[in-house]
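Visitor: I'm new to reading protein models. Can you walk me through this one?

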Amino acid sequence: MAKLNSYLNFDGQAEEAFSFYKSVFGGEFLGDIYRMGNAPGTEHLSDDEKNRVMHIALPVGNDLLMASDIVPGFGQTLTVGNNNYVSIFPDSREEADRLFRGLSEGGDIEMPIEDQFWGDYFGSFRDKYGTHWMVNHNEEYPK
């Protein structure tokens with residue numbers, strides 16, 4: 001079966017966001033933080049654009065959270081929307097609370113984490129970088 005990982009885009013905030021995520025999840029980045037300026041054909045980019053992240057990855061459990069920055073010099077723009085969520089399935093209510101509290105700091109809570117009518121302990125929010133998250137725990141279905 002294929003494995004799915006979340007890939008996020010930022011407008012010059014990928015490294016800052018991933019340092020924040022690392023402070024919540026723990027662990028170390030997988031490999032180097034690759035910069036746009038290390039790629040061929042980037043001589044025309046501004047110094048800011050050359051320093052933007054081409055790729056960064058943080059292992060979270062058995063999955064990878066990955067990201068890059070957009071590059072305006074390549075004609076890219078970023079539109080932050082609510083069409084993507086990173087859904088986390090922690091092993092305990094305590095871990096669900098810790099992740100919810102840590103990741104939502106400075107963000108906007110859509111649905112506070114609490115017991116839901118469908119039987120799960122669930123909450124959702126947009127973090128301070130515009131990334132949407134869902135935290136979902138079910139005692140009967142450990143992930």
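Visitor: Which residue in S3 is the bridge partner of Arg35?

Guide: Keep in mind that this model is predicted. Strands of a sheet pair through backbone hydrogen bonds, in a parallel or an antiparallel sense. Here, Arg35 has Val53 of S3 as its bridge partner. S2 and S3 (residues 53-60) pair over two bridges, in the antiparallel sense.

Visitor: In what order do the four strands of the open sheet run?

Guide: Read across the sheet: S1-S4-S3-S2. The pairing is mixed. Strand S1 (6-10) and strand S2 (34-35) are at the edges. Each has a single partner strand, so one side of each lacks a neighbour in the sheet.

Visitor: Which strands does helix H1 touch?

Guide: Helix H1 (residues 14-25) packs on the sheet and touches S1, S2, S3 and strand S4 (63-69). Compare directions too: that of H1 makes about 10° with that of S3.

Visitor: Now a single residue. Where is Asp69 placed?

Guide: Asp69 sits in strand S4.

Visitor: Is Asp69 buried or exposed?

Guide: Asp69 is buried, yet it has no salt bridge. A salt bridge needs the charged atoms within 4 Å. The nearest side chain of opposite charge is Arg52, 5.3 Å away.

Visitor: Which backbone nitrogens lie by a polar atom of the Asp69 side chain?

Guide: Look for backbone partners. The backbone nitrogen of Gly12 lies 2.9 Å from a polar atom of the Asp69 side chain. For the backbone nitrogen of Ala14, the distance to such an atom is 3.0 Å.

Visitor: What else is in contact with Asp69?

Guide: Set aside its neighbours within four places in sequence. The contacts of Asp69 then include Phe10, Met36, Val53 and Gln76.

Key:
Residues are numbered from 1 along each chain as its sequence is written. This is a predicted model: local features need pLDDT of at least 70, side-chain atom pairs count only at pLDDT 80 or more; totals for chains, interfaces and linings use all residues. Side-chain values use heavy atoms; hydrogens and water are left out. Two strands pair if DSSP finds at least two bridges between them. Contact means heavy atoms within 4.5 Å. Axes are lines fitted to C-alpha atoms, for helices over the stretch in contact, and angles run from 0 to 180 degrees between N-to-C directions. Buried means under 20% relative accessible area, exposed over 50%, partly exposed in between (1.4 Å probe, protein chains only). Lys and Arg count as positive and Asp and Glu as negative; His and the chain ends are not counted. A polar contact is a pair of N or O atoms within 3.5 Å; within protein, one must be able to donate a hydrogen and the other to accept it, and residues adjacent in sequence count only if both atoms are side-chain atoms.
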